[in-house]
Amino acid sequence: MSGGPGGTAARVNALPPEKGSFPLDHFGECRGAMREFLQCMQEHNNLESECRDKAKSYFKCRMELGLMAQQPFEDLGFTETAKPRNTASPDSFHRKEREGFVAGLRRVRPTQGPDLPNKP
């Protein structure tokens with residue numbers, strides 16, 4: 001038996017997307033820009049700050065073809081003074097795997113040191 005209490009159908013209130021509808025590109029009109037962006041992300045270890053120009057051209061294509069609402073690029077996070085959110089170097093992504101990682105442990109405190117008493 002499924003549904004709500006007493007055998008009635010459960011009602012689900014769906015919320016619309018925050019930025020409105022986002023139609024699919026059924027005819028592949030922006031496929032070239034999309035592939036350039038995805039290739040750039042792959043080449044730069046998913047650092048979006050390295051591929052912002054590709055993302056911007058993809059959004060521009062979608063806006064020009066009516067596949068998304070016209071918006072200023074500043075509203076989408078493309079500003080001249082915007083700092084990249086992910087400033088980590090590509091090598092730092094695999095640092096934990098190389099050095100070892102224990103979940104929940106931020107750092108290991110030294111047992112000896114110039115300002116710590118020697119422990120037996």
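Student: Is Asn46 buried or exposed?

Tutor: In this predicted model, Asn46 is exposed, because its relative accessible area is 53% and the cut-off for that class is over 50%.

Student: Which value does phi take at Asn45, and where is Asn45 found?

Tutor: Phi of Asn45 is near 50°, again positive in a residue that is not glycine. Asn45 belongs to the loop between H1 and H2. With a relative accessible area of 40%, Asn45 is classed as partly exposed.

Student: Let us turn to the cysteines. How many disulfides are there?

Tutor: A disulfide is a covalent bond between the sulfur atoms of two cysteines. The count here comes to two disulfides. When the bonded cysteines of the chain are numbered in sequence order, the pairing reads 1-4, 2-3.

Student: Which parts of the chain does the disulfide of Cys30 and Cys61 link?

Tutor: The bond between Cys30 and Cys61 has an S to S distance of 2.0 Å. It links distant parts of the chain: Cys30 sits in the segment before helix H1 (31–43), while Cys61 is in helix H2 (residues 52–64), and the two are 31 residues apart. The angle about the S-S bond is -90°, a left-handed link. Both Cys30 and Cys61 are buried.

Student: How should I read the disulfide of Cys40 and Cys51, and what is its handedness?

Tutor: The sulfur atoms of Cys40 and Cys51 lie 2.1 Å apart. This pair also links distant parts of the chain, with Cys40 in helix H1 and Cys51 in the loop between H1 and H2, 11 residues apart. The link is left-handed, at -90° about the S-S bond.

Student: Why does Cys40 count as buried, and why does Cys51?

Tutor: The limit is under 20% relative accessible area. Cys40 counts as buried because its relative accessibility is 6%. Cys51 counts as buried because its value is 0%.

Student: How many salt bridges are there, and which side chains meet?

Tutor: Side chains of opposite charge can pair when their charged atoms come close. The count in this model is one salt bridge. It joins the side chains of Glu48 and Arg52, at 3.7 Å from N to O. Arg52 is partly exposed, since its relative accessible area is 25%.

Definitions and conventions:
Residues are numbered from 1 along each chain as its sequence is written. This is a predicted model: local features need pLDDT of at least 70, side-chain atom pairs count only at pLDDT 80 or more; totals for chains, interfaces and linings use all residues. Side-chain values use heavy atoms; hydrogens and water are left out. A disulfide is a pair of cysteine sulfur atoms within 2.5 Å. Helices (H or I, at least four residues) and strands (E, at least two) are DSSP runs, numbered from the N terminus. Buried means under 20% relative accessible area, exposed over 50%, partly exposed in between (1.4 Å probe, protein chains only). A salt bridge is a side-chain nitrogen of Lys or Arg within 4 Å of a carboxyl oxygen of Asp or Glu.
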